[in-house]
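Subject: Structure handover

Hello,

My notes on what was found follow below.

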Amino acid sequence: MAWYIGRRVLQMIPVFLGATLLIYAMVFLLPGDPVAALGGDRGLNPAVAEQIRAEFNLDKPFFVQYLLYLKGILTLDFGTTFSGRAVIDVMGEAFPVTIQLAVMALIFEGVLGIGFGLIAGLRKGGVFDATLLLVSLFVIAMPTFVIGFVMQYVVGVKLQWLPPTVGGDVSFQTLLMPAIVLGAVSFAYVLRLTRTSVAENLSADFVRTATAKGLTRSRVVNVHVLRNSLIPVITFLGADLGGLMAGAIVTEGIFNIPGVGNTLYKAIQQGQAPTVVSLVTVLVIVYIFANLFVDLLYAALDPRIRYA
Amino acid sequence: MSQTLPTAPVVVADSNVHVPLLAIRDLEVSFTTATGLVSAVRGVDLTVYPGQTVAIVGESGSGKSTTAHAIIDLLPGTGKVTAGSIMFDGTEITTATEKEIIALRGRAIGLVPQDPMSNLNPVWKIGYQVKEALKANGIAKGSAANARVTELLEEAGLPDAARRAKQYPHEFSGGMRQRALIAIALAARPKLLIADEPTSALDVTVQRQILDHLQHLTEELGTAVLFITHDLGLAAERAEHLVVMYRGKVVESGPAAQILSAPRHPYTQRLVASAPSLASRRIQSAKALGVTATELLAPTGGDGVSETRPDIVVVDNLTKVFHLRGGRPGAAKTFKAVDDVSFTIKRGTTMALVGESGSGKSTVANIMLNLIDPTEGKINFEGTDLSTLNKKQLFAFRRRVQPIFQDPYGSLDPMYSIYRTIEEPLRTHRVGDRKSRLQKVRDLLDMVSLPQSTMRRFPNELSGGQRQRVAIARALALEPDVIVCDEAVSALDVLVQAQILTLLNDLQAELGLTYLFITHDLAVVRQVADQVCVMKTGKIVESATTDEVFDNPREEYTRELLAAIPGAKLTF
């Protein structure tokens, strides 16, 4: 077990290097000169431009830039933005917001998806099941921004049940609607996955044996069907956590949330390599850790999984 | 078994003996399908008295399992009792409420299911799953239940039960799992135990141990047993009363000895004639009496001709080592699946490689087919060392050795029509043109006694026996010299098994084929093989002619395997 975790952490090193290099290269290759763009239409004083280039190492070859950046990271110095703020501070503001949003979305899709999926699976072929399948298909087919704008208009503006935008006021209440929008598509997938898994396990031999022991229906479902059915669902949820954080760009845009997505979007537009690479690198690491966590959880649910 | 067993709640009292424990009358069960109602059980009558063992015998689809599941109201899917009555110990099951049924399950009727691999929940410990049966039926709670779990597992013949109870199903072998399932079924001391093919998924020697143990336990506890099996020999050996089912109906029932000696219904007569376990016993007793058996026997068996035939395959000191990955660096292990195996097969004869699961017999087959490379040793095919072949020669060699696998459901591509399946090897090896290949496929279908119309059909439209015929036709397409049959008949019903064995024997006589016949079932070996090699943990422990192995087995292990063929106690 310790060996397994150790190996997985070691595997992160090449992933980390590869991801940062790739992202750094992509930002570097973006068309346009970020320093020139800073001056707007009037253009910068060539001396000032030179100074900024020197300060951000933009005058050096690509690999040197990259290595200097790596060196900074190892000393927890993620560099500064063009406006002079430390990138680490920017991240410190953006990440808590996005994490809160992602966790709320995950709880929403997990609890409701598994709950409804279980009921649909137990009543496969019934009216409830058919309705949920139709609804989930609808949600999957609908682009997130459509769901977002429609909910924002109906729930936020017309009915005024929840605040339509977040802005500077980050709280459970303001994030509730964005979290539902963010988790909507995954909710539909979780529901379908749980339903299929439950329906399949219901006809498993061991479930029949459990029934033949004289167990009540509720015990058979809770002890023998549910736990086994959750194994694939948990895998999906874990992989989705990373996706929720990175995929919040659209949702954060719609609801004007000062999270990672918004910050990243602005930084890409301005060609701020250190900010983009740092944010994405942290996202990659979050993704890897989420996956490791899922693998460990997987083994807790399924004793057949051994770390070999 | 020195400990005393707690007595069953119902002592078989004299007054009770003539009142049936279970009485099924005119039972009809149907399944709803897209095309309407399909009846699976049609008017079955069956009676089990307290403490009696009754066996239902039939092939797959005969309705035997459906009947058994109807008794505890566990019919799968859309199955429904449409008529008739099931009276169990004073309760009418067909009209009982859910609550009454739950009270009966486990407490009064126990179930030992068919496949031990899939019948234990993989995510819970064995002990927990046994304890559930105790708690659900109000037998014991808490630490008393834990102690009882250990006792029950011990009673079911599981060594080191206290430690084993804390393990998960995947840490158990098939035989151990079946013992755990028996412990669960008997936990609440039911009056009736339904044993649905309880050992058909296990190795023969394990099968015998478990059945012996189960019989001993139920006798001691006075439990009535409804035993469901496809093997007539096994049924006759284990039950006093037999019920033979065919297509949802009971075609014959009566005392076991009577049915074996004087079967009245044509279906039963065919069963008695072809069950391999019985046939092999008959061949043995006929030989003992000095009579030539009329049974199917290998065409060259013991005729002396085989002595002069040339060797077609010579296997020399074959060893195969697999590397198993360890949990951490340095923990990797090696596993010797095949250990110094040598044998020769003469042209036109059948060599049987016999062993239980894990003995390495299938690995030998895969090396023969050149699907995996041996670690050491070599195979000479008519004087050519297979390891020296280059890619092109290997391609040519593959034409000469063809396989037939165990599972006819898995070994045919479901998306290929039968024509395409049989034609594929011809096309791969660029034999003939379209027209001649079509003719060849027709000839091959004739050879395996399938109608021409089969060509346009797909595997899912064929029965298991028909699919295996297709697999044989495909193997014959390239006119090979050697056919490797890896458990080629084990997945088939007994009557179909007999037909396929006859077909293989006829083809051998007609085409001069050489077979390497891999099986766990010595009863089948008796019918087809000239030579037998018995394998155990990667080594050949005994090698001789079939007659010698059956008449004078030298090794203890061979004797065990022979004793495990059902029907040893039956006389002919």
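Over which ring does the charged end of B:Arg526 sit? The charged end of B:Arg526 sits over the ring of B:Phe550, 4.7 Å from its centre. The rule used: NZ of Lys or CZ of Arg is within 6 Å of the ring centre and within 35 degrees of the ring normal.

Ground rules next. This is a predicted model, where local features need pLDDT of at least 70 and side-chain atom pairs count only at pLDDT 80 or more, while totals for chains, interfaces and linings use all residues. Residues are numbered from 1 along each chain as its sequence is written, chains are lettered from A and ligands numbered from 1 in the order in which they are written, and side-chain values use heavy atoms, with hydrogens and water left out.

Aromatic pairs

Over all chains, the structure holds 11 aromatic pairs. Rings of Phe, Tyr and Trp (its six-membered ring) pair if their centres lie within 6.5 Å; planes under 30 degrees apart count as stacked, over 60 as edge-to-face and the rest as tilted. One of the pairs is A:Phe116 with A:Phe187: centres 6.4 Å apart, planes at 75°, so edge-to-face. A:Phe116 lies in helix H5 (residues 87–122) of chain A and A:Phe187 in helix H8 (residues 172–202) of chain A, so the pair ties together parts that are 71 residues apart in sequence. Helices (H or I, at least four residues) and strands (E, at least two) are DSSP runs, numbered from the N terminus.

A:Phe116 is partly exposed at 31% relative accessibility. A:Phe187 is buried at 13%. Here buried means under 20% relative accessible area, exposed over 50%, partly exposed in between (1.4 Å probe, protein chains only).

B:Trp124 also pairs with B:Tyr128: the ring centres are 4.7 Å apart and the planes at 20°, so this pair is stacked. B:Tyr128 is partly exposed, at 25% relative accessibility. In chain A, one aromatic cluster is formed by A:Tyr24, A:Phe62, A:Phe63, A:Tyr66 and A:Tyr69.

A sheet in chain B

Four strands of chain B make an open sheet in the order E2-E1-E4-E5, with antiparallel pairing. Strands pair if DSSP finds at least two bridges between them. The edge strands are E2 (36–48) and E5 (91–92) of chain B, each pairing on one side only. Strand E4 (residues 80–88) of chain B is joined to E5(B) by two bridges. B:Phe88 stands opposite B:Thr91 in E5(B). Helix H1 (residues 64–71) of chain B packs on the sheet, touching strand E1 (22–33), E2 and E4 of chain B. The direction of H1 makes about 110° with that of E1(B). Contact means heavy atoms within 4.5 Å. Axes are lines fitted to C-alpha atoms, for helices over the stretch in contact, and angles run from 0 to 180 degrees between N-to-C directions.

For B:Cys485, the nearest cysteine sulfur is that of B:Cys533, 15 Å away. B:Cys485 is buried, at 0% relative accessible area. B:Cys533 is buried too, at 0%.

B:Gln402

B:Gln402 sits in strand E16 (residues 401–404) of chain B. At 11% relative accessibility, B:Gln402 is buried. Leaving aside neighbours within four places in sequence, the contacts of B:Gln402 include B:Leu369, B:Arg474 and B:Val484.

Regards

Technical notes:
Disulfide = S-S within 2.5 Å.
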